[in-house]
Amino acid sequence: MLEIIGGEIRSQPHNNNYSYLEELIKDADLEMYNVVKYGVKRDGTTDDSAGLNAALYAAAQDGGGIVYVPDGVYAIKSTLKIYKNTALILSKNAVIKRMDNFSPMLLNGDGGVGGYDGDGNIIIDGGVWDGNKDQFPTQFSHMLFGHARNIIVQNCIMLNNYNSHFIELNAVSGGKVVNCIFDGFSGERRTEALQIDLMLDENTFPYFGPYDKTPCRDILVQGCTFRNCDRGVGSHTTEVGYPHTNIRILGNHFENLVAQGIRGYNYHNTIIANNTFLNCGEGIEMRAASQNAFRWTITGNVIEGASRLGYGIWLLGATGEEIFDCTVTGNTIRDTVAAGIRASRLHLSTISGNAITFAGNSGITLIYGCTRNTVFGNTIRTPGNQGISLFDGCSRNTIFGNNIYNPTNHGIAVNSSVDNNVTGNTIWQSGGYGVLLTASASDNTVNGNTFRNTTNHSIRISDNSHNNNVQGNTIRGSAVGISLTNTCDNNFVTNNDLRNSGGLQDNGVSTVTTAGNRV
């Protein structure tokens, strides 16, 4: 980071190695502009907008520089403008305080240049940015950056936003928001503290254009705290053919948010890792918006207490908005109102090694045509409905090696889904069935699973479910080991160990049991 030592700026290596712009400034031997020389009063009452802007403009006139803001409270009544090749360095005791109804508090340049070629190569380092929402409760943003390369905002404390974003990165390539605190929001909008957006039109970014649909790419959000906001990090607008790419959200903390901690919207190549979520409306929501989405990695996150929408992790696709090649692994999820993990229209993906406890609904739900996914090695304790659910047209999925304890209803439910493989799972003390195949759940394989102390039937085949293969399962302590209803045809049920478990209750048609079951 950049430090002021004895009146000089020195570049110190950052813990996370974000040194590109700092080295650029140092190597260019740019001049430092102390805002005190430009007439600021720092008394929290006098409008210091003109003095701060004078220092920023002086740096711009010289091709860039380092603008230093020492201790003090700087009242501002109009937007600050920062231009290319500029570092704005604030003392930790410097406070920029919004003292009128205007927006934003800080904006990069004047616009007019498209793509990523506007005012970039900018660092904002340090200070407290107080939006003063209680005194001036009109919609505003703290910082907006558009059409730019290489934007770093680090070590800042962002306070008291009203009805908008603390920071918006719009059409930014190489943006980094690191070690910042976002705290305090009022308003009615669903809005992100840190928004990643594209230059769609005047409604999405009214300050300048051109509106060429440039998205964001290569964005890093790391080591930040989001507290008492609406949403944390995310987006809510999209355009077909213009996804945000290479988004990394790493090691942040989200607490007491009304809605989602993270809400990705039309992101490709995204890593969400090692974040913590406490008492948020929802943990992580990723959407394929108006087009297919690819390669989301969600790993090592801890999510506790999802209360509003209620999912720990939600991967949301739809017809024509399919999701491919995702990994959800090693997450810890507790006390969600709805499912721990829910996915729709998800394909060729892996959900593994997650620990899910006290989900209000199912531990893991795949729904609406999820195909060719692998769900393995997850531990699910005391879900409010099923341990794992496959619903409505899911096919060719493998459910393997999961441990499910005390589900309120069924251990694993396969409903209106075909050609899935349920193998090698262990299910303890289901309140309903251990594995349920129902509603035309046909051509599925249920092999090599272990059941203990199921309240009802350990394996149940019902409601026009045909041609399923049920072999090599071990059942103990069940009211009935395996049962089939009279609407189910041509199921293969053999080589199962049903000792002390109520045996086989076969009311099906043409059930194959030739090799026998042990009872």
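**Notes on salt bridges and one tyrosine**

1. Glutamate 285 is buried, its relative accessible area being 0%, where buried means under 20% relative accessible area, exposed over 50% and partly exposed in between (1.4 Å probe, protein chains only). Its salt-bridge partner is arginine 287, with the closest N and O atoms 2.3 Å apart, and arginine 287 counts as partly exposed at 24% relative accessibility.

2. This is a predicted model, in which local features need pLDDT of at least 70 and side-chain atom pairs count only at pLDDT 80 or more, whereas totals for chains, interfaces and linings use all residues. Residues are numbered from 1 along each chain as its sequence is written, and side-chain values use heavy atoms, with hydrogens and water left out.

3. The structure holds 14 salt bridges, a salt bridge being a side-chain nitrogen of Lys or Arg within 4 Å of a carboxyl oxygen of Asp or Glu. One of them joins aspartate 134 to lysine 133, with 3.2 Å between the closest N and O atoms; aspartate 134 is exposed at 65% relative accessibility, while lysine 133 is buried at 10%.

4. Aspartate 183 and arginine 227 also form a salt bridge (3.7 Å, N to O). Aspartate 183 lies in strand S16 (residues 181-186) and arginine 227 in strand S19 (residues 225-227), so the pair ties together parts 44 residues apart in sequence; strands are DSSP runs (E, at least two residues), numbered from the N terminus. Asp183, Arg227 and Glu255 are linked in a network of salt bridges.

5. Tyrosine 405, in strand S43 (residues 403-405), is partly exposed at 26% relative accessible area.

Definitions and conventions: Helices (H or I, at least four residues) and strands (E, at least two) are DSSP runs, numbered from the N terminus.
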